[in-house]
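Please look over the sequence and the structure below before reading on.

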Amino acid sequence: MTMRINLGERLGDSLSSRLTNGLSSGLSKILAYRLICTLSYLGLLSLGLFIWAGSAAAATQAASLSVFENKAGEHKAVKHNLAEPIELDGEIQAAFEALGARGVLVLLDDNTGALSTNDLARSRHAYIPASTFKIPHSLLLLEAGIVKDEHSQFAWDGVKRTYNPWNRDHSFTGAMKYSVVPIYQKLALQLGAERMAQGLTHLGYGNANIGGGLDSFWLDGDLAISALEQVHFLRRLYHNQLPVSERSQRIVKTMMLNQANGEWVLRAKTGLGVRQGQKLGWWVGWLEREENTYFFAMNMDIATDNDLALRKRVVKQLLTAKGWM
């Protein structure tokens with residue numbers, strides 16, 4: 001700062017000398033002096049404003065970087081939860097074996113935060129989320145205003161498909177319940193790649209990678225999430241802790257309703273994806289009881305269409321064995 005001011009003063013002195021010589025013949029020394037002082041003051045003022053602008057820009061850039069670093073830190077904090085200890089639970093493996101299924105199931109106890117699984121390695125392995133992606137996808141669509149609420153209507157496009165429930169009009173709730181892929185594909189294109197990518201990063205969902213086609217990246221593209229990541233994401237949704245409006249979170253939870261009785265409420269979403277020739281089935285959600293809530297994420301290998309029914313059966317068998325259903 002001192003060097004710049006000295007430079008300004010030298011420039012002012014030089015200017016003063018030249019103007020004095022030029023004006024001495026026509027102006028009085030008093031007027032020349034006043035003019036020189038004014039010009040020198042303006043020069044120093046301009047220099048000061050220049051220095052201030054540079055400092056302000058640097059401060060703004062630093063603040064911007066600070067926000068970015070804070071968000072990155074928050075995202076890392078979510079990922080850090082994946083290092084939490086997980087206990088092996090023989091009852092979970094027994095549920096798979098009883099039905100001849102092969103896969104992994106992660107349980108998260110809301111009261112204690114305890115995690116349990118039947119396969120430590122597979123619980124952390126990221127897979128294509130398939131239609132379980134409709135949970136975060138729906139949140140982003142509601143936040144963007146592309147869909148108003150769970151009652152929003154979508155007309156059948158007239159294309160007859162092998163899965164009959166897709167061949168009719170649907171509400172937003174129905175589109176999730178029956179996993180109407182064509183509806184969500186059109187909505188993904190409306191949302192656009194930029195908002196989709198930013199939204200998934202903001203939510204901290206899996207690897208947040210939308211490579212492989214905007215209307216199919218969650219079905220056979222590059223998006224991937226582990227069962228362990230799924231339960232952490234669901235727990236944040238349950239407590240309205242995701243970085244979106246509480247309204248959007250409540251609507252999506254309403255859409256996820258599967259079953260309920262006087263003792264419990266079950267909210268969940270199925271998924272079926274194919275990645276590099278491997279078929280994978282999902283069922284993720286939670287069981288709400290008065291005394292506690294239990295989050296689950298199950299993925300399993302799908303060999304034939306008959307295996308699809310096992311997605312729910314494995315989880316329900318386990319929840320029943322635990323005495324929660």
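**A guided view of the fold**

The axes of helix α5 and helix α8 (residues 193-203) come within 10 Å of each other and cross at roughly 115 degrees. Here an axis is a line fitted to C-alpha atoms, for helices over the stretch in contact, and angles run from 0 to 180 degrees between N-to-C directions. Helices (H or I, at least four residues) and strands (E, at least two) are DSSP runs, numbered from the N terminus. The model is a predicted one, in which local features need pLDDT of at least 70 and side-chain atom pairs count only at pLDDT 80 or more, while totals for chains, interfaces and linings use all residues. Residues are numbered from 1 along each chain as its sequence is written, and side-chain values use heavy atoms, with hydrogens and water left out.

The crossing of α5 and α8 is right-handed. A crossing is called left-handed if the near helix is turned anticlockwise from the far one by less than a right angle, and right-handed if clockwise. Which residues of the two helices meet? From α5 come Pro136, His137, Leu140 and Ala144, and from α8 come Arg195, Met196, Gly199, Leu200 and Leu203; contact means heavy atoms within 4.5 Å. The residues of this contact divide into 6 nonpolar, 2 polar and 1 charged. In this classification, Ala, Val, Leu, Ile, Met, Phe, Trp, Tyr, Cys and Pro count as nonpolar, Asp, Glu, Lys and Arg as charged, and the others, Gly among them, as polar.

Helix α5 (residues 134-144) also packs against helix α10 (residues 227-238): their axes come within 11 Å and cross at roughly 40 degrees. That angle makes α5 oblique to α10, since angles under 35 degrees count as roughly parallel, over 145 as roughly antiparallel, 65 to 115 as roughly perpendicular and the rest as oblique. The crossing of α5 and α10 is left-handed. Ile135, Pro136 and Leu139 of α5 make the contact with Phe233, Leu234 and Leu237 of α10. By class, the contact of α5 with α10 has 6 nonpolar residues, no polar and no charged ones.

How many residues of α5 are buried? The number is 9 of the 11, so α5 is largely enclosed by the rest of the structure. Buried means under 20% relative accessible area, exposed over 50%, and partly exposed in between (1.4 Å probe, protein chains only). Among the buried residues of α5 are Lys134, His137 and Leu142. Gly145 follows α5 and has a positive phi, near 80 degrees.

The sheet comes next. Strands of a sheet pair through backbone hydrogen bonds, either parallel or antiparallel. In this model, an open sheet of 7 strands has the order β1-β3-β2-β9-β8-β7-β6, with mixed pairing; two strands pair if DSSP finds at least two bridges between them. β1 (86-88) and β6 (257-260) stand at the edges with a single partner strand each, so one side of each is left without a neighbour in the sheet. From one strand to the next, the twist averages 20 degrees.

A hairpin joins β6 to β7 through 3 residues. Ala260 has Val265 in β7 as its bridge partner, and Gln259 has Leu266. Strand β8 (residues 278-289) is joined to β9 by 9 bridges, again antiparallel, and a hairpin of 3 residues links β8 to β9. Glu288 has Thr293 in β9 as its bridge partner. β2 and β9 pair in the antiparallel sense over 7 bridges, with Leu107 opposite Phe296 in β9. β9 is mostly covered, as 8 of its 9 residues are buried. Helix α3 (residues 90-98) lies across β1, β2 (103-109), β3 (115-117) and β9 (293-301), running at about 140 degrees to β2.

Two loop residues complete the picture. Most residues other than glycine have a negative phi, and most peptide bonds are trans. Ser179, although not a glycine, has a positive phi of about 50 degrees. Ser179 is found in the loop between α6 (172-177) and α7 (181-191) and is buried, with a relative accessible area of 12%. Ala208 has a positive phi near 55 degrees. Ala208 is placed in the loop between α8 and α9 (217-220), where it is buried at 16% relative accessible area.
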